[in-house]
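Reader: Some of the terms used for this entry rest on cut-offs. Please go through them with the values beside them.

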Amino acid sequence: MTPFLALVRKHGRESRWLLGLTSLALFFLSWLTVVITVLTEAKLRRATSPGRGMRGLAFRAVEGRLSDLGSVAFEVAWWNHPFILVNVLLWAISRGSAGVSAEIERGTLDLTLSRPISRTTYLTSQILSALLGLAVLSSSLILGTVVSGYFNKVDSPPTLVMLARPALNLFGLGLAVYGFTLMCSAVDQVRWRPNLIGSVATLTSFVILVIANVPVLEDWKWIGNYSIFKAYDPVSAAVTGKDLGFHVLILVGIGVTGIVLALLGFARRDLPANS
Amino acid sequence: MIVTEGLTKRYRKVNALADLSLTIRQGEVFGLLGPNGSGKTTTIRLLLGLLRPTSGHATVAGYDCWADSLQVRRLVSYLPGELRMPGSMSGFSLLRYLSDLRGGETLDRAVALAEQVMKLDLRRKVRTYSTGMKQKLALAQAFSDPVEILILDEPTSALDPSARAEVLQLVRQANRIHKQTVIFSGHVLSEVEEVSDRVAIMAEGRMLHLEDLHERRSLRLLLIRFTGEVPMDFPPELALTVRETREGGCLLLEHRGELGELLEWLNHQREQVVDLAIGTDDLKSLYEQYHQSKPAELEPTTR
């Protein structure tokens with residue numbers, strides 16, 4: 001086995017429980033969204049049936065015909081739910097902070113970097129493991145939705161492409177958070193600080209978007225442009241794909257910038273013995 | 001093989017290592033001695049390229065330790081002083097991981113050494129190992145690596161006496177059979193003395209003294225009581241130097257020359273010599289010369 005694969009395998013082994021349980025949680029949460037969609041659609045059908053006097057207005061905010069959009073829009077609207085976001089962001093922050101500073105703190109980096117492994121190789125292996133994990137998490141949502149769809153028939157089952165688009169958007173969000181957390185970890189020697197910075201920055205970004213969307217704070221709407229969550233819109237990504245490219249570009253840009261700065265910072269820093 | 005010139009590492013106002021210049025020859029066992037914080041581990045980390053020097057430079061086999069750190073680490077196997085291992089791995093998995101990081105060629109030898117010499121159960125998780133067992137595991141890997149240089153930072157600190165003896169034996173084998181250059185950093189003077197060819201005594205980030213232990217092993221100490229006037233000059237061919245003048249007409253002399261000539265001279269002096277004791281000197285007394293005084297008061301010396 002090559003040194004790089006040995007490193008990737010070790011990182012995977014260390015994070016397998018977090019990844020496995022988080023993937024499982026996302027799989028069943030997305031399963032649940034399909035169940036909820038089926039129940040809601042049944043309720044809507046009853047409400048809009050002839051003689052009930054109601055029209056299907058629930059998805060008028062989403063472009064297109066109701067019959068084309070309803071199911072997928074309802075399903076992936078849940079991908080905005082904190083239960084789902086927390087799972088993905090937890091992975092991004094924990095793997096970001098584990099990249100360097102956690103290994104220094106627990107003293108295991110010496111064992112690895114005293115072998116003929118370049119710092120770039122080491123950090124690249126960490127990055128690859130984290131991104132594979134993000135891909136697995138995003139795919140769990142698709143898989144949960146598709147598998148659940150076999151058992152719970154929605155009005156208009158989404159195609160794989162329709163589900164892949166919001167999954168890509170979610171992957172981008174995770175990458176952005178991972179990037180700036182890794183950047184902090186690469187120049188630190190304790191894990192709590194990058195964890196704290198990653199969590200506070202993410203939470204602040206979320207709160208900014210919430211403030212920007214409060215109707216009575218109309219004058220503050222502009223601050224929403226400074227939230228990374230502004231670039232995360234799974235419903236729009238699934239239904240129309242409009243702005244998906246731009247959103248992903250922004251998120252990947254933030255993530256890649258963080259990763260590049262992490263690689264530069266890690267290559268130049270001192271690696272002290274664990275305290 | 002290893003050369004440092006003015007090697008210095010400073011953290012803000014603290015000098016972790018100051019102006020270290022030394023040469024470690026190919027095939028020798030080089031001891032690093034000193035109390036905690038004396039700069040031994042900083043020196044090792046600078047050699048491995050884990051730290052960037054504030055000034056000066058170090059090379060291993062011609063490779064700069066910072067700029068060509070990867071090349072340096074191809075030639076070096078390192079046993080960290082404060083050993084931490086991923087506890088979720090089994091002993092075997094850890095050896096396989098460390099071996100894979102060097103291309104995977106050393107696994108069989110490392111496993112054999114760990115199981116047969118170190119008597120470790122490699123199926124157990126590393127977290128269930130005692131500190132000594134973890135140290136044995138890392139030593140098994142270090143002694144299995146096909147490298148030219150072994151850097152052992154306090155390799156016996158957690159071991160029982162019999163395991164210590166085995167490790168010292170392995171160090172001798174590595175040096176004599178595998179022709180490896182060894183840097184042996186430690187606190188136990190007798191162990192360092194036992195295996196080293198030369199020793200650097202360090203304190204507060206400075207090298208205070210460099211001692212050739214082969215020469216030291218040929219050193220005799222003579223405590224002589226004279227009648228009448230105590231002579232202070234001796235024939236140069238005897239290689240006698242005065243270490244200490246004591247009360248009651250006593251002299252403590254160091255002798256590094258031929259024994260026959262010394263005995264002949266003593267025979268000629270039998271009228272003046274009232275009493276005589278001949279002994280050897282160990283590393284402890286040399287070490288104490290430097291560590292009972294403030295380093296700043298001592299000038300670096302080399303032998």
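**Helices, pocket and chain A**

Author: In this predicted model, helix H5 (residues 131-144) of chain B packs against helix H6 (residues 161-176) of chain B at an angle of about 10°, and their axes are 11 Å apart.

Reader: Why are H5(B) and H6(B) called roughly parallel?

Author: Angles under 35 degrees count as roughly parallel. The angle here is about 10°, so H5(B) and H6(B) are roughly parallel to each other.

Reader: Which residues of H5(B) and H6(B) meet?

Author: B:Lys136, B:Leu139 and B:Phe143 in H5(B) meet B:Ala163, B:Val167, B:Leu170, B:Val171 and B:Ala174 in H6(B). By class, the residues of this contact are seven nonpolar, no polar and one charged.

Reader: What makes up the lining of the largest pocket?

Author: The lining has 24 residues; A:Ala273, B:Gly37, B:Thr41, B:Thr42 and B:Glu82 lie nearest the pocket centre. Strand E2 (14-24) and helix H1 (40-47) of chain B are the elements that give two or more residues to the lining. H1(B) has the largest share, four residues. The lining divides into eight nonpolar, 10 polar and six charged residues. The space in the largest pocket is about 520 Å³.

Reader: How many residues of chain A count as buried, as a percentage?

Author: Buried means under 20% relative accessible area. In chain A, 49% of the 275 residues are buried.

Notes
Residues are numbered from 1 along each chain as its sequence is written. Chains are lettered from A and ligands numbered from 1 in the order in which they are written. This is a predicted model: local features need pLDDT of at least 70, side-chain atom pairs count only at pLDDT 80 or more; totals for chains, interfaces and linings use all residues. Side-chain values use heavy atoms; hydrogens and water are left out. On a 1 Å grid over the protein atoms alone, a cavity is a set of points where a 1.4 Å probe fits but cannot get out, and a pocket is an open set with protein on both sides within 12 Å along at least five of seven lines; lining residues have an atom within 4 Å of a point. Grid points are joined across faces, edges and corners, and a volume is the space filled by probe spheres set on the points. Ala, Val, Leu, Ile, Met, Phe, Trp, Tyr, Cys and Pro count as nonpolar, Asp, Glu, Lys and Arg as charged, and the others, Gly among them, as polar. Axes are lines fitted to C-alpha atoms, for helices over the stretch in contact, and angles run from 0 to 180 degrees between N-to-C directions. Angles under 35 degrees count as roughly parallel, over 145 as roughly antiparallel, 65 to 115 as roughly perpendicular and the rest as oblique. Contact means heavy atoms within 4.5 Å. Buried means under 20% relative accessible area, exposed over 50%, partly exposed in between (1.4 Å probe, protein chains only).
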